[in-house]
Amino acid sequence: MEDEVDRLVAAWRRERPDLDVEPLEVLSRVSRLARHLDRARRLAFSEHSLEPWEFDVLTALRRAGSPYQLSPGQLLTQTLVTSGTMTNRIDRLTKKGLVERLPDPSDRRGVLVRLTDEGRDRADQALAGLLDQERAILAELSKAQLGELASLLRQLTAPFDNIPG
């Protein structure tokens, strides 16, 4: 079975035989797959009236376990955004009734962000929709192939995820 990347690579090999275009065989497919995944994510989230960034914050809180709360700093670490961006996101989610701010009992100057019941329900529903979309994307692979692919991708991503600072 041929895909668009096969055609792209063949064209580059014809036009630039002096270059080793082998990385395109993998990374162009990863890039194209990322675009398809982004579309699937947006569809799954829009069915629950959520933006991707809203899903990211809500699910960070949901994964924290009961009582589904984190400090803004912990949310920053998990979502990789700036402090100002996180403040804006928390404000917007609070207005929608999906999270609430509470005083941090261990730090009188600090706050905790807690998922509301509606926020938890929306996160759970959107996650189920996302997993349906992702299963469809991966449907052509066997369990063994999925395990192998996950392992290979982990080898590529782990160095980036474990950079200090």
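Which residue of strand 3 is the bridge partner of Asp-104? In strand 3, that partner is Asp-107, and the views below begin with the sheet to which this bridge belongs.

The model is predicted, so that local features need pLDDT of at least 70 and side-chain atom pairs count only at pLDDT 80 or more, while totals for chains, interfaces and linings use all residues. Residues are numbered from 1 along each chain as its sequence is written, and side-chain values use heavy atoms, with hydrogens and water left out.

**View 1. An open sheet of three strands has the order 1-3-2, with antiparallel pairing.** Strands (DSSP runs of E, at least two residues) and helices (DSSP runs of H or I, at least four residues) are numbered from the N terminus, and two strands pair if DSSP finds at least two bridges between them. Strand 1, residues 69-70, pairs with strand 3, residues 107-115, in the antiparallel sense over two bridges, and here Leu-70 stands opposite Val-113 of strand 3. Because strand 1 and strand 2 stand at the edges, each with a single partner strand, one side of each is left without a neighbour in the sheet.

**View 2. Strand 2 and strand 3 form a hairpin with two residues between them.** Strand 2 covers residues 99-104 and pairs with strand 3 in the antiparallel sense over six bridges, including the bridge of Asp-104 with Asp-107. Helix 5 lies across strand 2 and strand 3, running at about 120° to strand 2; such angles run from 0 to 180 degrees between N-to-C directions, and the axes are lines fitted to C-alpha atoms, for helices over the stretch in contact.

**View 3. Phe-45 and Phe-55 form the one aromatic pair that a search of the whole structure finds.** The ring centres of Phe-45 and Phe-55 are 4.1 Å apart and their planes lie at 20°, so the pair is stacked (rings of Phe, Tyr and Trp, the last by its six-membered ring, pair with centres within 6.5 Å; planes under 30 degrees apart are stacked, over 60 edge-to-face and the rest tilted). The pair links distant parts of the chain, since Phe-45 belongs to helix 2, residues 22-46, and Phe-55 to helix 3, residues 52-63, ten residues apart. Phe-45 counts as buried at 0% relative accessibility, and Phe-55 is likewise buried, with a relative accessible area of 5% (buried is under 20%, exposed over 50% and partly exposed in between, with a 1.4 Å probe and protein chains only).

**View 4. Helix 2 and helix 3 pack at an angle of about 75°, with their axes 9 Å apart.** The two helices are therefore roughly perpendicular to each other (65 to 115 degrees; under 35 is roughly parallel, over 145 roughly antiparallel and the rest oblique). Arg-41, Arg-42 and Phe-45 of helix 2 make the contact with Pro-52, Phe-55 and Asp-56 of helix 3, contact being heavy atoms within 4.5 Å. These residues divide into three nonpolar, no polar and three charged (Ala, Val, Leu, Ile, Met, Phe, Trp, Tyr, Cys and Pro are nonpolar, Asp, Glu, Lys and Arg charged, and the others, Gly among them, polar).

**View 5. The axes of helix 3 and helix 5, residues 83-95, come within 11 Å and cross at roughly 90°.** Helix 3 and helix 5 are therefore roughly perpendicular to each other. Helix 3 contributes Trp-53, Glu-54, Val-57 and Leu-58 to the contact, and helix 5 contributes Met-86, Arg-89, Arg-92 and Leu-93; by class, the contact has five nonpolar, no polar and three charged residues.

**View 6. Ser-71 lies in the loop between strand 1 and helix 4 (72-79), and Pro-72 has its place in helix 4.** Ser-71 is buried, with a relative accessible area of 18%, whereas Pro-72, at 26% relative accessibility, counts as partly exposed. Leaving aside neighbours within four places in sequence, Ser-71 is in contact with Val-111 and Leu-112. Pro-72, with residues up to four places away in sequence not counted, touches Met-86, Ile-90, Val-111 and Val-113. Pro-72 and Leu-146 are 74 residues apart in sequence and, from C-alpha to C-alpha, 35 Å apart in space.

**View 7. Ser-83 lies in helix 5.** At 47% relative accessibility, Ser-83 counts as partly exposed. Ser-83 and Pro-105 are 22 residues apart along the chain, and their C-alpha atoms are separated by 21 Å.
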